[in-house]
Structure formats: structure tokens, C-alpha cells
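Thanks for coming. Please have the sequence and the model open while I talk; I will go through some local features and then stop.

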Amino acid sequence: MLIACLPALPAEAAPAVTYTVRADPRLQSEVVFIQGKLSDYRANPIIYFYVLDSLGPASSLNLIKELEFAGQDRAALAAEKTGPGIWKVSNPSRGPIYFQYSLRTDQKAHGLSMDVPGGGEMPRLNDNFFFTSGAVSFVQPKLTTDAPVAIRWKIPDAWSIITPWVTKNAVTSIPRLTDLANNFLSAGKVRTAVRSLGTNFSFEIAWLGKENIKDQVVEQFGGIFKAANEIFGGPTRPKYLLIFKPLTEPGPSPASAKADSIQFYIPMGVTPEETIQFKENMFLPPILLTLAHEYAHTWAKERIKSGDFTTDSKTGNGGNLRWMIEGFTDYIGHLILLRSGVIDAENLANAMQRIFLELKNFPAYEKISLLEASQGFFNSQEKNGLIYTGGCLLALRLDLALRLGRAGPGKNLIKFMRQYYSPILNQPNKSPLERFLSSWKAYAGKNLTQELEQAIQEPVHFNFYEMLRSAGVTAVATKAMAGYDGNVENNDGVPKTVIVGPNAQAQGLRKGDIILSVNSRSIRTKEEFYERLSTAPTPVEIWRSDRAITLQLQRIPFEINKLQVKKGSLWARLAALN
């Protein structure tokens, strides 16, 4: 009988969804059974159910099995699969709908690597532990209502709900059903730490490890949230989640961010406190910048409620504002770290210098504009990188111009984003770019608007060190270093070339080359590739098309400036909001 064991629930005043989860109490089975009930939704006799796949509908997820639907009399309902992870259900009575299915949690079922953001969200590491995520685990109805939806959980003992929404008596009230993706069910050894900052904001850290989360980690992240909320003029969310997940393969620490949470993927055996430590030649820990960047996105999206982000992103390319969406956000992320004390003014100057040197290494530097790069953001790794670096330095340039008083006293980029960006939505007949420029002109004036238009329309170029000198930063010495302008990323478990600079191209490297070995030593990650490459010609075996080729590759020596910040200068005061 279909879901005969699911008890009937009393009628609700608003739509509600109940999930009853059954699993092997010893957690030795890779199959979880889920029963669901949609109640008090009578708007439409046709309801679509779907799996919210964070990688998009093109992904082939073989997670959901034996899915069945039944009406209020427990008789089967007609259901038609209309697309990947989408089912059309006819419910003539408009009464409650019951559904049930089985769910595979092992990696073989979904076929996604653990280091793919959005993938590997349900790792089974051993017989005592696995973790499921609302992003890809739960079949959910698509409702045509803006009313809050109550999510009821009936889960096995020792399981827990990790959610950015208010939870009371196993009920999670979420604004929209799509926000179910921000609810996480955990089973096994999950350590959590919760910290409140004032009366209207808290954050929770969840780590899938054996040891408790250290106080230094909580304090470090708390400082970032505090600084961000001061910059934003208050929190944009009541709660934010940080989830640390283990990588099953060696590699970097990518992150997958949603509206109210961020998931960090860290190597097996690495603890959260290790990820926030400074290392040699590092001006800031990348994982902290990632948090500041993604949390800043939640603020920007709240300010731009009509969706200049979303509308502009659905045009088939990156639209005309991607340089602002990602570049300005990256700059604001750096200011958050500065204000929180994670970095000082000198660290910030050096971090900006690294960004400038990275930008100069792109073959497209001084050849294409930020508008061109924006439009190709999703289709070109190089244009993607150009947007982050060039957009960040453009934000720096504009912020310095405002702080130097070129648009009047007491102005800066943060104030513009806080006070003036939201009103541009009152111009519905203009494009997102036109609305942004109109708002910028009202705040910064005609001259800086002309400079901004020129900066995004002409090939990307910055007089970087001149910008620094204007703010009180000077180069006092140089340091010899060696770099490589062949950008290699870990792709499907292998290091693959995604961007080829002029030096790497002259050495024979091509985009798409897979790195097999360096000096006859096989490698698995981009980190191993860069570590073993030297300033002398080094034999590197690569796989191109259908054959192996050996190239002689080498790092290129260059000099980097040691920067010094003048005491009391504009740069030394960048952490201030006024």
C-alpha cells in the first residue's frame, strides 16, 4: 500500500510539506526512503514536482528511484515525467498529495565528483557516516504562492536539521519552497557551533569531522560577519550557515554558495582552523575572502530586488553588468577583511598588486573591454577571470576617486552601494547598465561617469601603481619571483589547461591540454604541477586530443614590488566607512 504508515496531519492554514525520512539506524545502507505530504494547497489541480539540482537540469542525477504519487484517498495519481527531474501530477480533488521514493546517497549513484560545487553533496565516507543535502535530495512541489511554506521533518534519531530558517518543534518555516535547498539534513559525526551577533543575526558552522570546532574559527568568522554587517548597514539575513565538507580527492578548496549558506570543500584530514591560517607568500587566506565575497553577494542581491542580477544573467551570456556584479563584490570582500582585522592596509595593497599582475597575464588584457568580457563571462574562462580582476581594480579606482573628493566630500563606493543603488529600480524602461550608470551619475557626477563609461568600453588597462601612489602607497623594494601564465585547473580529477598566456603559448602549451607528468613524475592536481615546475626547462608530458606529447615548460622570472603604506594616508583609512 502506498505510504500506508504515514499518519494523517491536521489541516493547515498555509501550504505545508512534510518529509518523513527512514534509514538504516546503523547507517550502513546507502539507500534512504522518503515519504512526503503536500497539504493545504488547492490553487491548481496540476502540480509539478521536481528535484532542485544545483548543477542545472543538464546534469544526469540518478538519485531518485521508485517515485509514486497518491491523492487524499491514497489512490495513485497520474504522473508524467516531463523533463530531467520534473514530474507533472494531476490532482483533480485538489486535496493532499502523498509521495514516496527511495534515494541513493553514495557517489556512484549521482556520479558527481566531491570537488564539484553542488556535486558530491551526499558523500558516504564510511559505514558510520553520510550526509544529505536539500539541494539534490528532496522531491518538492512547485507552488504558485508567495506565502511562507511550513516544512515538517520526521527524521531518525541522532539526525539533525541544519537550517538558516527558524526551526521549532521540527518545523522549518521558509519564505519560498525553493529555499528548501538551504535546509540540510545530517547524520553521523557532525559538529556545530552557533554564535549570535546582536539580536537579529546569527551564524552556524557545521563541520563533518571528529573534533569540535575551535573557538578561534568561530571568532574569526564572527569578525568577518560583524565587519560586513557594519559595511552593509545591518544584516541582510537572520542566519547564515557555513558548512565544511571533506574532499575525497586532493585539490583546492572550492565553495558552493546559496542565498543563505556556503559550503566549503576541504581536503580530507584538514580542519577548519587550518583553512584560515596564513601561509607563506599569502596576503590573505582564500577561504576567508570567499566567505566575504559570497556574503557580500547576499547584500547586493537584497539591494537589487527586481533582479538586475538574475535577468541580466539569463540572456545567454553574462550581460553588461558582470564586471560590477563580481568585480565590485570582490573589492567589497577585501574591504570586509580589512575592516575585520584579518588583513591590514599593507596586506590589502599587496593583494591588489597580485590581482593586477594576474590581470596583466591574461592574453586579453589591453585587447578587450570589460563589457566584452561580461558578455562572454559564462563561455570563456579567460573572460571570467578578466571580470573578477578587472572589475575589482575598477572598483578600487572609483573608490579612491570618491575618497579623494573628486565628486564632493565624504563619498565612497560603499556609500554609493548602500544609499543610491536601490533607487535605480524606479527606471523600468532602461536596461540594467543604463540604470546603473544613471544612478552612478546622480551620485558621482558627470566627470566620473564619463571615466566609468570609458573604463568599461575600452580595452582593459590600469595605471595601477599611479593609483596606489595617489592614496599613499609606494614601492620601496622589489622581490624576485617566478610565475607561469598557463592557468591550470583541476577538472574532473585531472589538471587541465584553461587559459594560456603568451609565455606558456610560446612554450607550446595549448588550451585543453591535460597535464600527465612533470619530470617523469605523474601528477593529479594543479598544485603538484606548479610546485614541480622550475625556472629551468622541465619536461612535461601532456595529453592533447588523442595522444601524449612532451613539452619543455618553465616558470618565468619576474619582480614584484614590496609596498609600503604611508601612515595616516588615504589607503591607511580605507577600513573607515566615512
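I will start with strand E15, residues 184-187. Phe184 and Ser186 point one way from this strand, Leu185 and Ala187 point the other way, and all are buried. Buried here means under 20% relative accessible area, exposed means over 50%, and partly exposed is in between, with a 1.4 Å probe and protein chains only. Helices (H or I, at least four residues) and strands (E, at least two) are DSSP runs, numbered from the N terminus.

Before going on, the ground rules. This is a predicted model, in which local features need pLDDT of at least 70 and side-chain atom pairs count only at pLDDT 80 or more, while totals for chains, interfaces and linings use all residues. Residues are numbered from 1 along each chain as its sequence is written, and side-chain values use heavy atoms, with hydrogens and water left out.

Back to E15. Strand E12, residues 160-162, pairs with E15 in the antiparallel sense over three bridges. Two strands pair if DSSP finds at least two bridges between them. Ile162 has Phe184 in E15 as its bridge partner.

Next, a sheet. Which order do its four strands take? The order is E5-E6-E3-E10, the sheet is open, and the pairing is antiparallel. Strand E5 (79-83) and strand E10 (139-142) stand at the edges with a single partner strand each, so one side of each is left without a neighbour in the sheet. On average, neighbouring strands of this sheet are turned by 30 degrees against each other, direction ignored. For that angle, axes are lines fitted to C-alpha atoms, for helices over the stretch in contact, and angles run from 0 to 180 degrees between N-to-C directions. E5 pairs with strand E6, residues 86-90, in the antiparallel sense over four bridges. Gly83 stands opposite Ile86 in E6.

Now two loop residues. Asp40 lies in the loop between strand E2 (31-39) and strand E3 (46-51). Asp40 is not a glycine, yet its phi is positive, about 55 degrees. Its relative accessibility is 15%, so Asp40 counts as buried. Arg94 sits in the loop between E6 and strand E7 (97-104). Arg94, also a residue other than glycine, has a positive phi near 60 degrees. With 33% relative accessibility, Arg94 counts as partly exposed.

Phe69 is in strand E4, residues 64-70. At 4% relative accessibility, Phe69 counts as buried. Phe69 and Tyr98 are 29 residues apart along the chain, and their C-alpha atoms are separated by 5.7 Å.

On to a helix. H12, residues 432-444, has 13 residues and reaches 18 Å from its first C-alpha to its last, close to the 18 Å expected at 1.5 Å a residue. The expected span is 1.5 Å times one less than the number of residues. The buried residues of H12 include Phe436, Trp440 and Tyr443, and Arg435 is also one of them. Gly445 follows H12 and has a positive phi, near 95 degrees.

Last, the second largest cavity. What is its volume? About 30 Å³. A cavity is a set of points, on a 1 Å grid over the protein atoms alone, where a 1.4 Å probe fits but cannot get out, and lining residues have an atom within 4 Å of a point. Its lining consists of Ile231, Leu335, Arg339, Arg403, Leu574, Ala575, Ala576 and Leu577.

That is the end of my part.

Note on methods
On a 1 Å grid over the protein atoms alone, a cavity is a set of points where a 1.4 Å probe fits but cannot get out, and a pocket is an open set with protein on both sides within 12 Å along at least five of seven lines; lining residues have an atom within 4 Å of a point. Grid points are joined across faces, edges and corners, and a volume is the space filled by probe spheres set on the points.
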